[in-house]
Amino acid sequence: MIHRLLSRTRTTLTLVALAHAACGGDGGGSETDPTGSDTSGAPPAAGALRLNELTSKSPAEGPYAGMGDAIEIVNPGAEAVDLSGWKLSDDPGLAADKTYEFPAGTTLAPGGYLVVVAFDELTGAGDFPFGISSTGAETLSLVDANQTLVDQVDVDGARALVSYCRVPDADGEWGNCVQTLGAANVVAPSTCGDGKIEGDEACDGADLDGLACADLGFAGGALTCTAISCRLDATACDSGAEVVINELEAVDDRIELRNAGAAAADLSGWILTDRFAPAYDPASDAEKLVFAPGTELAPGGYLVVAKGDLAGQHPFGLASDGDGVTLVRADLTPADHVTYGPEQAEISYCALPDGPGGAWTADCIPTFGAANSAP
Ligand SMILES: [Ca+2]
Ligand SMILES: [Ca+2]
Ligand SMILES: [Ca+2]
C-alpha cells in the first residue's frame with residue numbers, strides 16, 4: 001500500500017478545535033440540541049471521518065510526486081478509527097471494479113490524515129482502482145464497514161488539478177486549495193472561475209482586466225479567458241496574417257504552420273513561443289524559436305516545427321493539460337495564437353478547415369505537413 005498515515009500535530013489539533021468551536025455557534029447560539037443533550041464543544045462521534053482533499057492530476061511535488069490522483073481523509077474526532085472494511089469509490093453504487101476497500105487493520109489516529117492514491121497498472125503501485133477525471137464531474141463516496149455513507153463529495157475535476165479541499169479541515173466548504181496531502185488544508189491564494197482577478201490570474205471569466213484583442217496587437221476578434229488557468233486566450237483574435245498556426249499535438253510537441261497566401265512568406269526573425277502576454281518581450285523569453293534569416297514558406301505550404309535543440313526546432317514543451325502557442329512577426333506584433341485545454345491535443349488539435357479562420361478541433365487525424373483532417 002502506498003497510503004501514509006500521518007500522526008497528529010498540535011497545529012492540526014488547534015485547527016480542528018477551532019472548526020468545531022465555530023460549528024458550535026450554529027443554531028442561534030443555543031448550546032442545546034432538540035434532544036436536550038449538550039453538544040457544545042463535543043468532538044464528532046467516533047467514526048466521523050471526512051473526505052478532506054483530492055487531486056485529479058498526479059502531484060508534481062511533495063511526498064506523492066509522480067503517483068496517481070490522490071484522496072486525503074481526515075479524522076477530526078477524538079478517537080482512532082478502524083477503517084477495516086470501509087470503502088472508497090467514484091461510483092455511488094459501489095461497483096466492485098470502481099471501489100477500493102481499505103485493508104483490514106487500517107486505522108486513522110485522531111487528528112490524523114490518510115492519503116490514498118490511484119492504482120497504477122504499469123507500476124503496480126497505488127490503492128484505489130479508479131481515476132479522478134481532470135475535465136469532468138465525479139462523485140466520490142466513503143462508506144463504513146456497514147456500507148453506511150460516511151461522506152460524499154461532487155467535484156468538477158478541472159478544479160482539482162492542483163487541489164480541491166475543505167477549509168477548514170473536515171467541516172469547511174470545498175474549494176480550490178494549495179496542495180497539502182497529509183497535512184492541514186490551505187485555501188488557494190486565488191480561485192480561477194470566481195469572476196475576480198486574483199493572485200497571478202491574468203483574467204477571470206468575463207473580467208479581461210480591460211483588455212481586448214487590439215490591446216494585444218491584433219486587428220480584431222474576441223479575446224477570452226481560459227476557464228481552468230485564468231490566462232488570456234487570443235485564439236479567436238485576428239491579425240490579418242496569412243501565415244498561421246494550423247495544427248499541434250502535445251505528445252511529441254509538433255507545431256504546424258501554414259501559409260494561406262498566394263505568395264511565399266518570409267519568416268526571417270519571426271518567433272514561435274509558448275508565451276503570451278500583452279507586450280511580448282523576446283529578451284525575457286529564454287524558450288523560443290527565432291526563425292533564421294531566409295526562412296521562407298511557400299504559398300499554400302506547411303511547415304512542421306518539431307521540439308528539439310536543432311536549428312529550426314522549438315525548445316518549449318506543450319503541456320497535455322493545456323497550453324498556448326503564439327506566432328510573433330519580426331516586428332513583435334502577434335501573427336497568430338492558439339490556446340488548448342486539457343487532453344485536447346493528445347492526438348492532434350487542428351483548425352478545420354485549414355487556417356486562418358478554421359474552427360479549432362480536438363482529436364483530429366494527425367496530418368503534420370498536409371491539409372487538416374476531421375476526427
Ligand atoms: Ca490536506
Ligand atoms: Ca479568480
Ligand atoms: Ca495538418
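User: How many bridges join β2 to β11, and do they run parallel or antiparallel?
Analyst: Strands are DSSP runs of E with at least two residues, helices are runs of H or I with at least four, and both are numbered from the N terminus. Two strands pair if DSSP finds at least two bridges between them. In this pairing, Glu 53 stands opposite Cys 165 in β11. The link between β2 and β11 has two bridges, and the strands run antiparallel.

User: What kind of model is this, and which pLDDT do local features need?
Analyst: Residues are numbered from 1 along each chain as its sequence is written, while chains are lettered from A and ligands numbered from 1 in the order in which they are written. This is a predicted model, in which totals for chains, interfaces and linings use all residues, side-chain atom pairs count only at pLDDT 80 or more, and local features need pLDDT of at least 70.

User: How many helices and strands does the chain have, and what percentage of its residues count as buried?
Analyst: The chain holds one helix and 28 strands. A residue is called buried if 20 or more other C-beta atoms lie within 10 Å of its own, exposed if 12 or fewer do, and partly exposed in between, with C-beta atoms placed from the backbone. Of the 375 residues of the chain, the share that counts as buried is 41%.

User: Which strand pairs with β2 over four bridges?
Analyst: Strand β2 is mostly covered, since five of its five residues are buried. At one of its positions, Leu 54 stands opposite Ile 71 in β3. The partner that joins β2 in the antiparallel sense over four bridges is β3.

User: Which residue in β26 does Val 325 stand opposite?
Analyst: An open sheet of four strands has the order β22-β21-β25-β26, with antiparallel pairing. Strand β25 (residues 323-328) and β26 pair over six bridges. The residue in β26 that stands opposite Val 325 is Val 338.

User: Is Asp 253 buried or exposed?
Analyst: Asp 253 lies in the loop between β18 and β19, and this residue has a positive phi of about 65 degrees although it is not a glycine. With 23 other C-beta atoms within 10 Å, Asp 253 is buried.

User: Where is Leu 94 found?
Analyst: Most residues other than glycine have a negative phi, and most peptide bonds are trans. Leu 94, by contrast, has a positive phi of about 60 degrees although it is not a glycine. Leu 94 is partly exposed, with 16 other C-beta atoms within 10 Å. This residue is found in the loop between β5 (87-89) and β6 (99-101).

User: What is omega for the peptide bond from Leu 352 to Pro 353?
Analyst: Pro 353 lies in the loop between β27 (349-352) and β28. The bond from Leu 352 to Pro 353 is cis, with omega near -10 degrees.

User: How far apart in space are Gly 300 and Ala 264, C-alpha to C-alpha?
Analyst: Gly 300 lies in the loop between β23 (296-297) and β24, and Gly 300 is exposed, with 12 other C-beta atoms within 10 Å. Gly 300 and Ala 264 are 36 residues apart in sequence, and their C-alpha to C-alpha distance in space is 8.5 Å.
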